[in-house]
Amino acid sequence: MPKRLTAAAIAITIFSVGFTSSAFADSSSSAGAQPGERSSWQCAQFARMFSGIQLFGDAWTWWQGAMGKYARGFTPESGSVLVFKPFGPMSRGHVAVVSQVLTDRIIQVTHANWSPVDGRRGQIENNVTVVDVSDTGDWSKVKVWYKPSGDLGTKVYPTYGFVYKAAASALNAAKAATNATVSAFDPANRAALSAQVADALR
């Protein structure tokens, strides 16, 4: 699929999958909340619980905080967390958990404290659409479904990228193994390995 989706293709895809913005009650007490339910979530608090990625602090700090702990990148994966940069009144950034990858430029996320739902902030929205509108398809700029307008919001939000559930140590180990395999086939290494095998067979 071409990296740059046309507006028509995006519209058709969005129409076909639909948007299910469901607000779930969560766990603090306030008027109208059932015992044991929460009436308001912060995005980072919810993303940590929902994804299992144990990062703390303001949402925008998750990108730096993940370094050395979790793998990071610029391609969406189910279960990964998209980290938004601070932008305008969104001074603490935002985090959203990828629930489904629809195309290379369209995903669905489950997140908290984005749209006001039934006039209340801090609610959870399930499987809402996010579209990559960056020039190079690297997810550095996105538009996000906004419930009050019943459509993608008009603002373009800058992002850092995705934090994956895989631990950085596992990723680094895999890279090291790959590098070791590649280097084993270098001429100098082949000669050294041949000498070692010859010694072992004596």
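Colleague: How many salt bridges does the count come to?
Modeller: First, this is a predicted model, so local features need pLDDT of at least 70 and side-chain atom pairs count only at pLDDT 80 or more, while totals for chains, interfaces and linings use all residues. Residues are numbered from 1 along each chain as its sequence is written, and side-chain values use heavy atoms, with hydrogens and water left out. The rule wants a side-chain nitrogen of Lys or Arg within 4 Å of a carboxyl oxygen of Asp or Glu. By that rule, the count is 1.

Colleague: Which side chain meets Asp132 in a salt bridge?
Modeller: Side chains of opposite charge can pair when their charged atoms come close. Here the N to O distance is 2.7 Å, and the partner of Asp132 is Arg105.

Colleague: And how many residues apart in sequence are the parts that Asp132 and Arg105 tie together?
Modeller: Both residues are buried (under 20% relative accessible area with a 1.4 Å probe, protein chains only; exposed is over 50%, partly exposed in between). Asp132 sits in strand E5 and Arg105 in the loop between E3 and E4; helices (H or I, at least four residues) and strands (E, at least two) are DSSP runs, numbered from the N terminus. So the separation the pair spans is 27 residues.

Colleague: Are the rings of Phe46 and Phe50 stacked or edge-to-face?
Modeller: Rings of Phe, Tyr and Trp (its six-membered ring) pair if their centres lie within 6.5 Å; planes under 30 degrees apart are stacked, over 60 edge-to-face, the rest tilted. The whole structure holds 9 aromatic pairs. For Phe46 and Phe50, the centres are 5.1 Å apart and the planes at 15°, so the pair is stacked.

Colleague: Which of those two is buried and which is partly exposed?
Modeller: Both lie in helix H2 (residues 43-51), 4 residues apart, about one turn of the helix. At 4% relative accessible area, the buried one is Phe46. At 40%, the partly exposed one is Phe50.

Colleague: What kind of pair do Phe84 and Tyr157 make?
Modeller: Phe84 is in strand E2 and Tyr157 in strand E8, 73 residues apart. With centres 6.4 Å apart and planes at 70°, the pair is edge-to-face.

Colleague: Which ring does the charged end of Arg72 sit over?
Modeller: The test asks for NZ of Lys or CZ of Arg within 6 Å of the ring centre and within 35 degrees of the ring normal. At 4.5 Å from the centre, the ring under Arg72 is that of Trp63.
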